[in-house]
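Here is a walk through one chain, with the working cut-offs spelled out along the way. Have the viewer open and follow along.

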Amino acid sequence: MGGGVVIHAYRFVLDPSPGQDDALRSHCGGRRYAFNWGLARVKANLGQREAEKSYGIPADRLTPSVSWSAYSLRKDWNRAKDAVAPWWAENSKEAYSSGLANLATALGDWADSRSGKRRGPRVGFPGFKGKRSGLSCRFTTGAFGLIDGDRRHVKLPRIGAVRTHESTRKLARHVERGAARIRSATVSHRAGRWFVSFSVEIARDDPAPTRPDSAVGVDLGVKSLAVLSTGETVPNPRHLETARRDLRRLQRQAARRVGPDKRTRRQPSQRWRTTQARIARLHTAVANARRDGLHKLSTRLVRTHGTVVLEDLNVSGMTKNRRLARHVAGVGMAELRRQIEYKAAWSGVRVHLADRWYPSSKTCSGCGAVKAKLRLSERTFRCDACGLVLDRDLNAARNLAALARRETSSPSCGATINEPAGNPRQTRATRATGTATGRPAPTGAGQRRHGNVSTA
Ligand SMILES: [Zn+2]
């Protein structure tokens, strides 16, 4: 099931040699140079025409305007490069094309925004790129991509084979079965490392889920990565906890060092900068470890279950929450949902989003009674009506799974379960269909198992 062609980005951390590091910087510098050169040219032209207009020169006798299409900019650059940048041959011509293409996009966005053709927040006139603007460069033609039979290097125009920090297996698999076409490669420098991101067209041929009739509810945990309605607790990726601990240590270290002060205009110390760079790197590591764990989870879910039920959280509201744990869970849920939605489309899996107001945590998965209040600190759900005692996240996950089963079996009941929270005894819908108790036996077992997990 599924199928079709999708565009996917594959990103790898690079470990370039010192010479390659220089070459990468040179290419990014070349891109910046061409961008600024083109911008200066367009700006001068606009200024000239503006001035002429103010002298009352008629429109047909103004200095002709410079075209800012990527094609024209490139043509103009090729005519001027020997004079303005005699060193141009040091870099692949793609470096300059990349800067000019970016400039054309930025100018186009600005013009469209000004004329009302482009919606959304107003786009300003592009500014010159300074030395501190991010290093990046995009290659769209030439020799780039993977190297046959070598999963530890990527090929870049002019720069050659660059060692990757990790295996390129995830992309190589698609290339080797002839299902991938690499359209472009973008190198960038962030948090002290070089990355390459390949934009790849992939023909998807995903297997259908092994249990098409099964529905699984997923609740993102705070202590663990997620809790599934099957009773399984998906642990956090191993690297995550280590990285978090290191992060806390570095943040304490940074606090002891001399940071910048806006009021006194004190410059930060070199030691403070070093710690900040390490912190930035660790933040990336934490985010990567978490995303990696979510990818493994989302793939496994769509390969197994015919329906995946997630909560439609008010993510933008949650991420403003000052409680870090909630913040992290909210960001994770948004990412998991994004991943599951596209992966589900590939393998024909149904994604069911529970209504934002559905009280998945406060509802008893045994009898359907809804608690008026459940504090975030209460990690165990205790039902006042039937006496069920269950891990909070597992209870929520089971409610989500039941939601999908209920709606597929009798769609007319769907409306009743989407009532806002605060309705203290919302038993009608659940009693009517009885699906909340559709998983009869394991309450005792689940309870014991989860008692262990939460104290671990
Ligand atoms: Zn109950």
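Where does Arg158 lie? Arg158 sits in the loop between S4 and strand S5 (160–163).

## Ground rules

This is a predicted model, in which local features need pLDDT of at least 70 and side-chain atom pairs count only at pLDDT 80 or more, while totals for chains, interfaces and linings use all residues. Residue numbers start from 1 along each chain as its sequence is written.

## The chain overall

The secondary structure comes to 11 helices and 14 strands. Helices (H or I, at least four residues) and strands (E, at least two) are DSSP runs, numbered from the N terminus. Of the 456 residues in the chain, 30% count as buried. Here a residue is buried if 20 or more other C-beta atoms lie within 10 Å of its own, exposed if 12 or fewer, and partly exposed in between, with C-beta atoms placed from the backbone.

Now for contacts: two residues are in contact if their C-beta atoms, placed from the backbone, lie within 7 Å. Taking the contacts with a separation of 6 or more, 68% are between residues 24 or more positions apart.

## H1 against H2

Two packed helices are described by the angle between their axes and the distance between the axes. For helix H1 (residues 18–54) and helix H2 (residues 70–84), the axes come within 11 Å and cross at roughly 105 degrees. That makes H1 roughly perpendicular to H2. Axes are lines fitted to C-alpha atoms, for helices over the stretch in contact, and angles run from 0 to 180 degrees between N-to-C directions. Angles under 35 degrees count as roughly parallel, over 145 as roughly antiparallel, 65 to 115 as roughly perpendicular and the rest as oblique.

Which residues make the contact? On the H1 side they are Ala34, Trp37 and Gly38, and on the H2 side Leu73, Trp77 and Val84. Sorted by class, the contact of H1 with H2 has 5 nonpolar, 1 polar and no charged residues. For that sorting, Ala, Val, Leu, Ile, Met, Phe, Trp, Tyr, Cys and Pro count as nonpolar, Asp, Glu, Lys and Arg as charged, and the others, Gly among them, as polar.

## The cores

A nonpolar core is a set of buried Ala, Val, Leu, Ile, Met, Phe, Trp, Tyr and Cys residues joined through C-beta atoms within 7 Å. The largest one has 38 residues, and Leu100 and Leu156 have the most contacts inside it. Elements that each supply at least two residues of this core include strand S1 (5–14), H1, H2, helix H3 (93–115) and strand S4 (150–156). H1 gives the largest share, 9 residues. Domain 1 (5–17 + 138–203) and domain 2 (26–136) both give residues to this core, so it lies between them; the domain bounds come from an automatic or database domain assignment.

Leaving aside neighbours within four places in sequence, Leu100 is in contact with Ala34, Phe35, Gly38, Ala70, Leu73, Arg74 and Trp77. Apart from this core lies another, of 32 residues, with Leu294, Val309, Leu310 and Ile340 among them.

## Loops worth a click

Back to Arg158: its phi is near 65 degrees, a positive value in a residue other than glycine. Arg158 counts as partly exposed, because it has 18 C-beta neighbours inside 10 Å. Ala191, in the loop between S6 and S7, is not a glycine either, yet has a positive phi of about 45 degrees. With 14 C-beta neighbours inside 10 Å, Ala191 counts as partly exposed.

Is Gly124 buried or exposed? Gly124 counts as exposed, because it has 11 C-beta neighbours inside 10 Å. Its place is in the loop between H3 and S2, and its C-alpha atom is separated by 8.3 Å from that of Ser113, 11 residues apart along the chain.

## Around Cys383

Cys383 belongs to the loop between strand S13 (380–382) and strand S14 (389–391), and is partly exposed, with 19 other C-beta atoms within 10 Å. Not counting residues up to four places away in sequence, Cys383 touches Cys364, Gly366, Cys367, Ala369 and Leu388. Cys383 and Gly366 are 8.5 Å apart, C-alpha to C-alpha, and 17 residues apart in sequence.
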